[in-house]
Amino acid sequence: MELIDGIAVSDKLKNDIAQKVIELKQKGKKIPHLAAVLVGNDGASQTYVNAKVKACEKVGFDSTLLRFSSEISELELLNEIDKLNKDNSIDGYIVQLPLPKHIDEQKITQAISPAKDVDGFHPESLGKLVLNLPGFLPATPAGIVEMLRYYSIPTSGKHCVVIGRSNIVGTPMSLLMSRNATPGNCTVTITHSKTQNLSEITKQADILIVAIGKPEFVTADMVKEGAVVIDVGIHRIEDKSKKSGFRLLGDVKFDEVAPKCSYISPVPGGVGPMTIACLLKNTLLAVNS
Ligand code: NAP
């Protein structure tokens, strides 16, 4: 079993990006600038946004964090989005999800200028992904593709099973694995909460990508011997023995699944760091779009 080290892969990607920033500076060109919109005080969202802003600083990007109260109305937030779309100093921006219930996430996502859509959630970005055209790929699925590439994990002709069909992970992931590209060219099965006999399907997977959002859902009996397992899930579980007061778990029961795998990504230290690195990659791309 080989561990997929998301920290090492993301460091390599971030070093390449930092080098490109140095070259831009030397040529007197604009430094990439990422803005992040955070609504409300959700602890996990704050942690994710802070990590993204910190990562910008590390590679030499400019960054701006815009915080709004959870009381902000949908119209007020749309006005803020409009300002960001018109602000030439900002190359790309993200709106951290989830948003408070009174705000329609789809409306907000669709208001983001496709040229600044570094999360890759806008319908235009998703359409480009479907058509295999260059564009902003959603950061988490793109990060998983980069991990498969880094470890030269064969994908062509393999059976890839994706658990979960969310707009930000499962659905774009299944599209990326099935398209005519390397990594890609898999035969893909996408599963969801209405799927019957899930473990019969997961046991057929050469590559199993788990984005179900349930801690330690995937157990050893659901996995084929020698499979590649990618764990997207991330859960904070209260743990008083830790300084932070919590520990992180994935969607996969790591200790019992890992011995069966050819490769497995851990939580933490797997997909999470890759998501941030791919967001930075998209921001660099946004400077030229
Ligand atoms: P989500 O929107 O809650 O989607 C979960 C998916 O799992 C849904 O499609 C759901 O099906 C499916 N599902 C639920 N129960 C199921 C069951 N019993 N059998 C099969 N499928 C089932 O979650 P998400 O946004 O994709 O995120 C998934 C996990 O990844 C979460 O833990 C999240 O925190 C984590 N995440 C991590 C990163 C990172 O950077 N590491 C990034 C994004 C997300 P239905 O569609 O039928 O409801």
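Reply: A salt bridge here is a side-chain nitrogen of Lys or Arg within 4 Å of a carboxyl oxygen of Asp or Glu. The model is predicted, not solved by experiment. Side chains of opposite charge can pair when their charged atoms come close. A search of the whole structure with this rule finds twelve salt bridges.

Start with helix 3, which covers residues 74-86. In it, the side chains of Glu80 and Lys83 form a salt bridge, with N and O 3.3 Å apart. Why can this pair be described in terms of a helical turn? Glu80 and Lys83 are three residues apart in the helix, so about one helical turn separates them. The two partners can also be sorted by accessibility, where buried means under 20% relative accessible area and exposed means over 50%. Glu80 counts as partly exposed because its relative accessibility is 22%. Lys83 has a relative accessible area of 53%, so Lys83 is exposed.

The next pair is in helix 5, residues 123-130. Glu124 and Lys128 make a salt bridge there, and their closest N and O atoms are 3.7 Å apart. These residues lie four positions apart, about one turn of the helix. Glu124 is partly exposed at 40% relative accessible area, and Lys128 is partly exposed at 30%.

Val130 is also found in helix 5. Together with Leu131 and Leu133, Val130 forms a nonpolar patch on the surface. The three residues have about 290 Å² of accessible area together.

Glu146 and Arg149 form a salt bridge, and the closest N and O atoms are 3.3 Å apart. Is Glu146 buried or exposed? At 14% relative accessibility, Glu146 counts as buried, because the cut-off for buried is under 20%. Arg149 counts as partly exposed, with 41% relative accessibility. This pair belongs to a network: salt bridges that share partners join Glu146, Arg149 and Lys281.

Beyond helix 6, the chain runs through a loop to strand 5 (159-163), and Ser152 is in that loop. Most residues other than glycine have a negative phi, and most peptide bonds are trans. Ser152 has a positive phi, near 50 degrees, although Ser152 is not glycine. Ser152 counts as exposed because its relative accessibility is 59%.

Another loop, between helix 7 (170-178) and strand 6, contains Pro183. The peptide bond from Thr182 to Pro183 is cis, with omega near -5 degrees. Asn185 is found in the loop between helix 7 and strand 6 as well, and Asn185 has a positive phi, near 55 degrees. Asn185 counts as partly exposed, at 28% relative accessibility. A further cis peptide bond joins Leu97 and Pro98, with omega about 0 degrees. Pro98 lies in the loop between strand 4 (92-95) and helix 4 (105-111).

Glu216, Asp221, Asp255 and Glu256 form a negative surface patch. Glu216 is placed in the loop between strand 7 (207-210) and strand 8 (228-231). Its relative accessibility is 31%, so Glu216 counts as partly exposed. Patch members must have over 30% relative accessible area and no salt bridge.

How many disulfides does the count give? With two sulfur atoms required within 2.5 Å, the count comes to zero. Cys186 is in no disulfide, and the nearest cysteine sulfur, that of Cys160, is 5.0 Å away. Cys186 is buried, with a relative accessible area of 7%. Cys278 is in no disulfide either, and the nearest cysteine sulfur, that of Cys56, is 14 Å away. Cys278 is buried too, at 4%.

Note on methods: Residues are numbered from 1 along each chain as its sequence is written. This is a predicted model: local features need pLDDT of at least 70, side-chain atom pairs count only at pLDDT 80 or more; totals for chains, interfaces and linings use all residues. Side-chain values use heavy atoms; hydrogens and water are left out. Patches are made of residues with over 30% relative accessible area and no salt bridge: like charges are joined within 9 Å, nonpolar side chains (Val, Leu, Ile, Met, Phe, Trp, Tyr) within 5 Å. Accessible areas come from the Shrake-Rupley method with a 1.4 Å probe; for residues, only the protein chains shown count as cover. Lys and Arg count as positive and Asp and Glu as negative; His and the chain ends are not counted. The place of a charge is taken as NZ of Lys, CZ of Arg, CG of Asp or CD of Glu. Helices (H or I, at least four residues) and strands (E, at least two) are DSSP runs, numbered from the N terminus. Buried means under 20% relative accessible area, exposed over 50%, partly exposed in between (1.4 Å probe, protein chains only).
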